[in-house]
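Me: I would like to go through some of the labels used for this structure and ask what each one rests on. Here it is.

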Amino acid sequence: MGESKQMYINGEWVSAESGETLAVINPATCEQVGTVSFGDAREAKKAIDAAHEAFQSWSRLTARERSKYLSTLAELVRKNRDELAGLISAEMGKPLGEAKGEVLGAADNFVWYSEEAKRVYGETIPSSVANKRIMVLRQPVGVVGAITPWNFPINMVVRKIAPALAAGCTVVLKPAESTPLTAVRLFELIEQAGFPKGVVNLVVGNAESVGGEFLDNPKLSKIAFTGSTRVGKLLMEGAAKQVKRVSMELGGHAPFIVFADADLDAAVKGLFESKFRNSGQMCICTNRLYVHEEVADAFTEKLVERLKRAKVGDGREKETEIGPLVNERALNKVLEHIEDARDKGAHVVFGGNRMTEGDYAKGFFCEPTVISNVTTDMKITYEETFGPVVPIVRFTDEAEVVRQANDTRYGLAAYVYTRDNQRCFRMAEELEYGIVGINDGSPTQTQAPFGGFKESGIGREGGRFGMDEYLETKFVSFGL
């Protein structure tokens, strides 16, 4: 596989002091697609020191100067779209078309925050005392430790580092162990864009060791994390010891509600986008499908017809629509949820098995699956499955389906299909979720806020809301 890829600390490519390396495996074929140097707290400390030093000058640059760096980087990401998409697909199995869309989304984030950097506005407030004046400043938080997941290997990185850099923060990134190659290539582009040394640093390493340094090191001011609710809680608990700022995008368990008056073809298309994109490995993907009993049979029939046409395979093959699960553990969890539902009386309408014929035997493939006769004691109705499985629950009453949809500790995304305008507004207001797609199976845009209620997270990414997470508010009182 050639030489191991290195980490990027203080403007230099370095190997781990331990000498350890990490093999990167393609989940469609189980072949090794790369090797990276694998660090620990020692590299994290060096990176934090470098970021802390660089913060002094980076935070004092004009917004226009920081904007130029981000604009240059956006263009480089765009130019290298195909290569980056190929790395994403090789590392975690995503179909190339989706991967290219992810890369363009990352470039769009850099463009957006290159513009938003120039709009960090303060304000003046009328004083209630004649000889005083009130000014409010927005200033960067400081050094940010960003921890990102494997399911969007570039977009999750960029959604953190772009607003942080625009705000004037410096960054240490720890990408997911499954998908470091995309991050390494992005940092090669960061170097090419000419960012000053220490402003952005890359540490690939042991999660516990690197995360521990993030929590314990007083030079690091904030942790930005996307991942499981379980790990998010541990990070929040650790961050409390130094009252570090945190922003967390955590787990989800999204309901998808189809009313009797819905456009069923549009609803099937929206569900396919929401559930089967990225093989169901998205925090905002559908977990529970509620269909009104009047249209349940017709909707199920249309959904199964669509899944029969869906091409499952290696993400690097042009016709693939659904790729593999990221690893064997992820596949086994999906199969366990299916088996648990079967054992408790569910009916598998379509799919339900690991794919083992021919080339499928080499990777971690699960048939796209539809399950009916679902009850609330089944794991699939309350645990995040993170796979291409749809459990169908029939309903009759609007108020009851809203109650069921809200009956979860998660509150990230929810979806509703209906042609009743009044119901659209009721659903938008009554569903306890940070993101609600009304007749929209893919409710994400760069300029919109992304984040959840309840145990799905704290803070928002995207748009001007994303900038707020990296800025402190300072009140200055002038006596005259």
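Reply: Start with strand 8, where both faces are covered: T170, V172 and K174 on one side, and V171 and L173 on the other, are all buried. Note that this is a predicted model.

Me: Why do the residues of strand 8 fall into two sets, one on each side?

Reply: Because side chains in a regular strand alternate between the two faces of the sheet. In strand 8 (residues 170-174), five of its five residues are buried.

Me: Which elements make a right-handed β-α-β unit with strand 8?

Reply: Strand 7 and helix 5 (residues 155-167) make that unit with strand 8.

Me: How do you know that the length of helix 9 agrees with its number of residues?

Reply: Helix 9 (residues 264-276) has 13 residues, which at 1.5 Å a residue should span 18 Å. Its end C-alpha atoms are 17 Å apart, so the two values agree.

Me: What caps the N-terminal end of helix 9, and what follows the helix?

Reply: D263 is the cap: one of its side-chain oxygens lies 3.1 Å from the backbone nitrogen of D265. Helix 9 is followed by N278, whose phi is positive, near 60°.

Me: What do the buried residues of helix 9 pack against?

Reply: Their partners include strand 12 (254-258), strand 13 (286-292) and helix 10 (296-309). Among the buried residues of helix 9 are L264, V268, L271 and F272.

Me: Why is T300 called buried?

Reply: Buried means under 20% relative accessible area; T300 has 14%, so the term applies. T300 is found in helix 10, and its side chain reaches the backbone oxygen of A296 at 2.7 Å. Leaving aside neighbours within four places in sequence, T300 is in contact with V349 and I392.

How values were computed: Residues numbered from 1 in each chain as written. Predicted model: local features only at pLDDT ≥ 70, side-chain atom pairs only at ≥ 80, totals over all residues. Heavy atoms only, no water. Helix = DSSP H or I, 4+ residues; strand = E, 2+ residues; numbered from the N terminus. Expected span 1.5 Å × (residues − 1). Buried < 20%, exposed > 50% of the residue type's maximum accessible area, 1.4 Å probe, protein only. Contact = heavy atoms within 4.5 Å. Polar contact = N/O pair within 3.5 Å; in protein donor to acceptor, adjacent residues only side chain to side chain. Right-handed = clockwise from strand over helix to strand, strands pointing away.
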